[in-house]
Amino acid sequence: SADALLVAVTATIARDMLAPLRERPTPGPFKARLVDFSRRATNEYFGLRLKNLYRMAVTDAAGGGTAIRRELYRQGPGQMQHELARFLLSAREAGVHLDGDCHRLASCYVALLRSYSDLSKISVEGPPTARDLVPLV
């Protein structure tokens, strides 16, 4: 069905963005993995896949029901935020100094990445490079 396809595409996009966070972090590569994740996420935010997926989810093409929207959120942004929080917690346990609740940090960081792509449409052409993202990390 169209709903199942939307959920599968959403889960695939989230898995691709989360790939750098799969391994248990250590202090050395922590920043590089977070930059890689950030680059993947902002590339998606700048691209058309997420925009088109969002459009389909809020129209009748996706059944228009709240159940499918809830599942899309769970498989996409919800999964991304959960896995980022898990990564941050693991990093803290491995010795990376992080202040605050890891779930709140993850939520704020994902919002920052989204807002970066929203704001940059005003002044920047295309997604940020890894060099652009280092100051965010």
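Visitor: First up, is Cys108 buried, partly exposed or exposed?
Guide: Cys108 is partly exposed, at a relative accessible area of 49%. Keep in mind that this is a predicted model.

Visitor: And Cys102, buried or exposed?
Guide: Cys102 is buried, because its relative accessible area is 4% and the cut-off for buried is under 20%.

Visitor: How many disulfides turn up in the whole structure?
Guide: Zero, from a search of the whole structure.

Visitor: Confidence next. What's the average pLDDT of the protein chain?
Guide: The average is 81. Of the residues, 79% score at least 70.

Visitor: Where is confidence lowest, and where is it highest?
Guide: Helix H3, residues 48-57, is lowest, with a mean of 69. Helix H4, residues 66-93, is highest, at 89.

Visitor: Let's stay with H4. How do H1 and H4 run, parallel or antiparallel?
Guide: Roughly parallel. The axes of H1 (residues 2-18) and H4 cross at roughly 5 degrees, and the cut-off for roughly parallel is under 35 degrees. Those axes come within 9 Å.

Visitor: Which residues meet there?
Guide: On the H1 side, they include Asp3, Leu6, Val7 and Thr10. On the H4 side, Ile68, Glu71, Leu72 and Gln75 are among them.

Visitor: Asp3 again. How far is Arg69 from Asp3?
Guide: In sequence, 66 residues. In space, 9.4 Å from C-alpha to C-alpha. Arg69 sits in helix H4.

Visitor: Is Arg69 buried or partly exposed?
Guide: Partly exposed, since its relative accessibility is 33%.

Visitor: Now H2. How many residues, and what's the reach?
Guide: H2 covers residues 27-46, so count 20 residues. From first C-alpha to last, H2 reaches 29 Å, close to the 28 Å expected at 1.5 Å a residue.

Visitor: How do H2 and H4 run, parallel or antiparallel?
Guide: Roughly antiparallel. The angle is about 170 degrees, and anything over 145 counts as roughly antiparallel. The axes of H2 and H4 are 12 Å apart.

Visitor: Which residues in H2 meet H4?
Guide: Phe30, Arg33, Leu34, Phe37 and Tyr45. In H4 they meet Met80, Leu84, Phe87, Leu88 and Ala91.

Visitor: Are those H2 residues buried or exposed?
Guide: Phe30, Arg33, Leu34, Phe37 and Tyr45 are buried. The buried set in H2 also includes Val35, Ser38, Ala41 and Thr42.

Visitor: Why would residues three or four places apart point the same way?
Guide: Because an α-helix has 3.6 residues a turn.

Technical notes: Residues are numbered from 1 along each chain as its sequence is written. This is a predicted model: local features need pLDDT of at least 70, side-chain atom pairs count only at pLDDT 80 or more; totals for chains, interfaces and linings use all residues. Side-chain values use heavy atoms; hydrogens and water are left out. Helices (H or I, at least four residues) and strands (E, at least two) are DSSP runs, numbered from the N terminus. The expected span of a helix is 1.5 Å times one less than its number of residues. Buried means under 20% relative accessible area, exposed over 50%, partly exposed in between (1.4 Å probe, protein chains only). A disulfide is a pair of cysteine sulfur atoms within 2.5 Å. pLDDT is the predictor's confidence in each residue, from 0 to 100. Axes are lines fitted to C-alpha atoms, for helices over the stretch in contact, and angles run from 0 to 180 degrees between N-to-C directions. Angles under 35 degrees count as roughly parallel, over 145 as roughly antiparallel, 65 to 115 as roughly perpendicular and the rest as oblique. Contact means heavy atoms within 4.5 Å.
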